Amino acid sequence: MATIIFKPTEKCNSNCIYCDVVVKKQPKTMSFELLEHIFKNIDEYLKAKPQERIQLVWHGGEPLLLGEDYFLKAAEMQDKYCPETKHRIQHAIQSNLTLLNQNFINIFRRMGIDQIGTSFEPIANMRGPGAKRDSLAYNTQFMKGINLLEQNNIGWGFIYVVTKKALARPLDIFFYLSNLKLTGSFMLNPVLVYGEDKENIGITSEEYADFLGAIFPQWWKYRDRYPIVNPFKMFTENLVENKLTTGCEDTGMCAYGHVYIGPSGEASQCGRAGDWEIISYGNINERSLIDIMQDEQREQFIKRNDVLLAGECKDCPFWEFCHGGCPLDSFIQTKSFMHRTNRCEGKKLFLEKYFFPITGIRLEDKYGKDNKKNN
């Protein structure tokens, strides 16, 4: 399945401390004309590739700022321009939920959306509107949003971004988050800081590993109660169940499966690549989606795996957990896609310092005593 990270607006009603999108001075919103053009391109792409499907992930900014009519118009355009292929288009959405109402949910059902991704921060004044980041106002609306999702049986999961401000309270944060979503469906990600760390929120790989390590014994002991807390669940599936599950930044397989389309039609590898203007595949006003998805620049992400396996990641027993990490992080750190990233080190530290000693699982159990390396 091809994934389009679709950002029709850069506008947002929050001022999250770790977000680099809201700093744009003149956030843009996609016109209906361009939206129409994109659905025509999606139809052309799917007709040319009859075995393919597309996941259209609505992103922002805050996509609900587009308004109900915008999503209704999108649904109408899909019906009009993709009559034979619309059954192969799957919609998903990332939202802060503060603007969610029943009308949006009804529209999302029409679009086939039954799962919403979001994020949350219990520490005060990290997320919220205004210069002071009014977290009380934000969280009040967020809670109303998740209650509405629960009432409508809409699935949801969230990301928690680990910052320096969280390091002293790992268990407090974990218990808060796990009670917020009783099925335990959330991800603990390290904060990504690019450029100057003006808010003093950046953390090291070791700090991230230790944050996870403070929580992991609790999760492991009661993991039946917390079934989907990542990266714990993914590591367990990799080492015990051989499912080889990873986040998108760790798959090593994003080369031809992802594309970002921004509010002016600009195309890049993914949302982060588009936000940071790291790589350009041109503009969908001038190039078809077919051409963008086949851009020759994508080949370097395939080549990257070979370069890392022959060099920095050679004989690394943790290769399948991270594949050298996200190539975009590599570019930010080294101005090249061909290096492993600091996030790899955090995963390795956590596994060696906490996961293996606490679980009693060994790499030998997975690979065999004489074959602990890549297989």
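## R133 and its contacts

R133 lies in the loop between β4 and α4, where helices (H or I, at least four residues) and strands (E, at least two) are DSSP runs numbered from the N terminus. Leaving out residues up to four places away in sequence, R133 touches N15, C16, I17, N125, M126, R127, G128 and E199, a contact being heavy atoms within 4.5 Å. With a relative accessibility of 11%, R133 counts as buried; buried means under 20% relative accessible area, exposed over 50% and partly exposed in between, with a 1.4 Å probe and protein chains only.

## Basis and confidence of the model

This is a predicted model, in which local features need pLDDT of at least 70 and side-chain atom pairs count only at pLDDT 80 or more, while totals for chains, interfaces and linings use all residues. Residues are numbered from 1 along each chain as its sequence is written, and side-chain values use heavy atoms, with hydrogens and water left out.

The protein chain has an average pLDDT of 91, and 95% of the residues score at least 70, where pLDDT is the predictor's confidence in each residue, from 0 to 100. Over residues 369-375 the pLDDT is below 50, and this stretch has 14 contacts in the model beyond near neighbours in sequence. Where pLDDT is low, the predicted coordinates should not be read in detail.

## Helix α4

The 17 residues of α4 should span 24 Å at 1.5 Å a residue, and the C-alpha atoms at its ends are 24 Å apart, which agrees; the expected span is 1.5 Å times one less than the number of residues.

The buried residues of α4 are S135, Y138, N139, F142, G145, I146, L148 and L149, and they pack against α3 (102-110), β4, β5 (155-162) and α5.

T9 is found in the loop between β1 (2-6) and α1 (32-48) and is buried, with a relative accessible area of 1%. A polar atom of its side chain lies 3.1 Å from the backbone nitrogen of K11, and a polar contact of 3.0 Å joins the side chains of T9 and T29. A polar contact is a pair of N or O atoms within 3.5 Å; within protein, one must be able to donate a hydrogen and the other to accept it, and residues adjacent in sequence count only if both atoms are side-chain atoms. Apart from neighbours within four places in sequence, the contacts of T9 include K28, T29, H59 and L66.

## Aromatic pairs

Rings of Phe, Tyr and Trp (its six-membered ring) pair if their centres lie within 6.5 Å, and planes under 30 degrees apart count as stacked, over 60 as edge-to-face and the rest as tilted. By this rule there are 32 aromatic pairs. One of them, F120 with Y176, is stacked, at 5.9 Å centre to centre and 15° between the planes. F120 lies in the loop between β4 (115-119) and α4 (135-151) and Y176 in helix α5 (residues 170-180), so the pair ties together parts that are 56 residues apart in sequence. F120 is buried at 1% relative accessibility, whereas Y176 is partly exposed at 39%.

The rings of F174 and Y226 have centres 4.9 Å apart and planes at 75°, so this pair is edge-to-face.
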